[in-house]
Amino acid sequence: MSSISRRRLLATGAGIAVAGAFGLPAILARPAHARVLIIGGGPGGVAAALAVKAKSHDADVLVVERDPTRLLRQNETDIITGRRDPADYHKLAAAGVEVSLDDIRSIDWQTRRAEALSGRSFAFDHVILAPGIAMRDEHIAGYDREAAERFPHGWTDRQGVAALAANIRAMANGGTVIIRIPPGRMRFPEGAYRRAGEIARYLEAEKPDAVVVILDHSQPGPREVAMLARLSARFGERIEYVSGELFGAMRSVETENRVLNGERMSLCGDVINFIPAQEAGRIARVSGLADDSGWCPVESETGASRLHQRAYLIGDSSAVAGNADLAAIDRRAQIIANAIA
Ligand SMILES: Cc1cc2nc3c(=O)[nH]c(=O)nc-3n(C[C@H](O)[C@H](O)[C@H](O)COP(=O)(O)OP(=O)(O)OC[C@H]3O[C@@H](n4cnc5c(N)ncnc54)[C@H](O)[C@@H]3O)c2cc1C
């Protein structure tokens with residue numbers, strides 16, 4: 001277990017707020033060095049912080065992350081990606097990056113301050129947003145909070161993945177697992193097909209009469225089409241594919257009956273992994289960095305926002321080609337660090 005407790009992180013954050021270059025009233029702060037504020041301590045935020053600090057040693061770099069579990073992961077298997085993450089907090093601290101536990105609610109571009117839920121306010125010269133994704137309301141009848149709990153997506157949270165896994169384990173042999181893939185841009189599209197393969201492998205061993213149905217409202221790219229072909233070759237009838245075209249637009253969800261109704265057909269599942277449509281994380285949208293698509297357009301040569309000159313974006317919230325995985329995030333971090341230096 002990490003020796004850094006939640007209390008310690010909070011204390012660190014409070015220290016920054018009182019004494020650091022980011023938290024002082026603007027008139028007193030007079031920072032000697034550029035202040036780079038990074039919102040989000042996921043892979044995007046951490047990569048950006050390390051790259052900026054490595055390139056601009058003198059810069060004051062602060063990562064604000066709202067989830068206390070996010071930065072404390074140490075030698076623990078990430079149940080979403082199956083990866084082992086190093087302890088990000090320790091990496092950041094060793095590089096001289098400050099970390100604060102808080103939730104940024106708004107950005108004032110005129111005064112260059114970011115307001116947090118705690119009431120603190122962080123001044124910056126440059127801000128890099130890495131808030132990941134949020135689920136977008138598709139206005140589907142019956143898809144409410146209860147439906148979201150009964151049919152967990154497991155696309156942003158560990159609890160959802162754990163609930164989905166528990167539902168599959170509890171399912172009777174002969175049951176049906178539906179994975180609903182949403183329309184539009186989404187985080188890590190190939191992850192849904194990979195998940196279908198993982199579930200099919202489990203069912204093959206433990207519940208041989210059960211099947212996985214992929215209900216696909218996306219428009220799979222060549223990589224996903226190749227994955228589907230491999231799944232079909234490997235699992236045969238254990239995996240069924242229903243295209244969004246065949247099913248039609250999602251009309252309603254019946255939570256009690258575990259039924260999904262489309263324009264042209266309905267599907268009933270014993271376990272439903274309902275992945276909703278997605279958009280950039282809230283802070284990126286409310287601070288004016290997203291366009292009508294809900295995603296944040298950026299200049300691919302610099303990582304700068306196309307909608308605001310002081311902002312940079314990295315990770316899943318940014319709409320830029322070649323941004324789909326963690327290796328790409330590292331490359332984007334270098335590009336932003338060079339642009340800021
Ligand atoms: C099922 C699945 C499997 C995947 N497998 C792989 C894989 O094998 N390989 C791979 O490369 N990628 C994989 N990915 C994709 C990878 O997880 C994402 O691309 C990556 O997490 C994106 O990082 P990010 O920093 O943009 O966003 P996130 O990881 O979502 O991090 C965003 C962070 O910002 C914080 N935050 C948001 N708003 C605020 C705010 N206002 N104030 C403070 N903090 C805030 C959040 O708490 C969060 O910690 C997978 C994804 C899924 C869903």
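Predicted model: local features only at pLDDT ≥ 70, side-chain atom pairs only at ≥ 80, totals over all residues.
Reader: Glad to know! Which residues of strand S17 lie on each side?

Author: In a regular strand the side chains alternate between the two faces of the sheet. Strands (E, at least two residues) and helices (H or I, at least four) are DSSP runs, numbered from the N terminus. In S17 (residues 271-274), Val271 and Asn273 are on one side and Ile272 and Phe274 on the other, all buried. A residue is buried with 20 or more other C-beta atoms within 10 Å of its own, exposed with 12 or fewer, and partly exposed in between; C-beta atoms are placed from the backbone.

Reader: In what sense do S11 and S17 pair, parallel or antiparallel?

Author: Two strands pair if DSSP finds at least two bridges between them. S11 (residues 176-181) and S17 pair in the parallel sense over four bridges, and valine 177 has valine 271 of S17 as its bridge partner.

Reader: Where is histidine 139, and is it buried or exposed?

Author: Histidine 139 sits in the loop between strand S10 (133-135) and helix H5 (145-150). Its phi is positive, near 55 degrees, in a residue other than glycine. Histidine 139 counts as exposed because it has 7 C-beta neighbours inside 10 Å.

Notes:
Residues numbered from 1 in each chain as written.
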